[in-house]
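Me: I would like to learn how to read side-chain features in a model. Please take me through this one.

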Amino acid sequence: MPDREVMARAVALAARGLGTTSPNPVVGCVVLDAAGEVAGEGWHERAGGPHAEVNALAAAGDRARGGTAYVTLEPCNHTGRTGPCVQALLRAGVARVVFAVADPGALAGGGARELRAGGVEVVAGVLAEEAERVNEAWLTSARRHRPHVLWKFAATLDGRSAAADGTSRWISSAASREQVHDLRRRVDAVVAGSGTVLADDPRLTAREPDGTLSARQPLRVVVDRRGRVPATAAVLDGSAPTLVSTAATPADLLAELHGRGVVSVLLEGGPTLAGAFLAAGLVDRVTAYVAPTLLGAGPAALAGTGITTIADAVGLDVDDVSVVGGDVRLSGRPAPRR
């Protein structure tokens with residue numbers, strides 16, 4: 001089987017771990033036997049549990065000997081809550097390891113070097129872009145030593161986040177809102193400003209389609225430097241953990257969250273807070289739900305960026321466009337400034 005075809009399967013397996021592995025990465029693994037047939041598959045299912053390679057090797061059994069292991073992230077070379085995957089691969093007798101993305105960590109990195117020293121052929125970089133995408137939150141945290149920030153917003157076709165009278169429910173469709181709850185289930189923290197809390201009184205919880213609370217809840221973070229949020233706010237209802245932060249800047253907030261082990265952040269509101277993050281270069285991905293609706297007046301979805309000329313506009317490298325319940329969903333990374 002072609003390397004890219006097998007690695008694509010490993011990337012799909014890795015995605016199954018989204019929302020359950022933090023603070024660890026999502027990783028997928030496929031093991032082929034010496035004849036090139038699939039012998040075992042696995043993914044990292046939860047933090048503290050067996051890694052993808054261990055699960056795949058267990059499924060493959062003796063068929064792994066002389067075969068090839070395809071892994072979305074360079075096999076780890078250290079002992080944490082579980083043993084090093086490099087040693088598991090060597091013990092299993094695999095002859096070849098193909099991985100997509102190098103491990104950026106000083107602690108876990110070096111797996112490829114150790115495998116080569118053990119006589120294993122190693123190929124790196126296969127489907128690296130696809131593997132980066134599925135694991136971008138953890139990779140951002142590992143490389144930049146701060147949480148990955150996804151800014152999500154809903155707006156009308158003319159860029160309004162609410163009507164002139166302040167009403168905003170519901171700009172996006174029910175299907176779009178259901179996707180947002182899935183986003184919340186997958187991140188470690190949801191961040192909103194005090195203005196949004198005062199205007200909309202959101203709960204910021206992750207809920208199932210039937211309205212019940214999801215089993216996994218993100219940390220709810222309210223940026224409230226002036227102590228404006230009342231004790232009766234829904235975000236303080238006890239249904240999920242909540243942090244009220246007085247951090248002076250977005251960088252300070254992310255440093256505080258990184259210190260608490262937060263790997264991924266969903267930035268939900270409002271336009272001023274989003275503008276501060278964007279102006280600071282601290283937005284890693286933007287996901288917009290654009291409703292086929294025109295208002296003509298009302299607050300914009302983004303404010304306070306300091307951008308005054310088109311030459312300074314922030315572009316997006318869009319990698320996903322889809323229709324969700326009548327809305328257009330666009331997702332991409334802010335393009336590097338020229």
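Reply: Start with the ground rules. This is a predicted model, where local features need pLDDT of at least 70, side-chain atom pairs count only at pLDDT 80 or more, and totals for chains, interfaces and linings use all residues. Residues are numbered from 1 along each chain as its sequence is written, and side-chain values use heavy atoms, with hydrogens and water left out.

Me: How many salt bridges are there by the rule?

Reply: Side chains of opposite charge can pair when their charged atoms come close. The rule asks for a side-chain nitrogen of Lys or Arg within 4 Å of a carboxyl oxygen of Asp or Glu. The count here is 21 salt bridges. Take Glu132 and Arg143, which meet at 2.8 Å, N to O. Glu132 lies in helix α5 (residues 128-134) and Arg143 in helix α6 (residues 136-144), so the bridge ties together parts 11 residues apart in sequence. Helices are DSSP runs of H or I, at least four residues; strands are runs of E, at least two; numbering starts from the N terminus.

Me: Which parts of the chain does the pair of Arg333 and Glu136 link?

Reply: Arg333 and Glu136 form a salt bridge at 3.3 Å, N to O. The pair links distant parts of the chain: Arg333 is in strand β13 (residues 327-334) and Glu136 in helix α6, 197 residues apart. Both belong to a network of salt bridges that also links Arg133, Arg285 and Asp319.

Me: Does Glu136 count as buried or exposed?

Reply: Buried means under 20% relative accessible area, exposed over 50%, and partly exposed in between (1.4 Å probe, protein chains only). Glu136 has 10%, so Glu136 is buried. Arg333, at 32%, is partly exposed.

Me: What is the geometry of the aromatic pair of Trp151 and Phe153?

Reply: Rings of Phe, Tyr and Trp (its six-membered ring) pair if their centres lie within 6.5 Å; planes under 30 degrees apart are stacked, over 60 edge-to-face, the rest tilted. The centres of Trp151 and Phe153 are 4.5 Å apart and the planes lie at 25°, so the pair is stacked. Trp151 is buried at 6% relative accessibility, and Phe153 is buried at 18%.

Me: Which residue lies over the face of Trp170?

Reply: A charge sits over a ring if NZ of Lys or CZ of Arg is within 6 Å of the ring centre and within 35 degrees of the ring normal. Arg177 lies over Trp170, 4.1 Å from the ring centre. The charged end of Arg16 sits over the ring of Trp43, at 4.8 Å from its centre.
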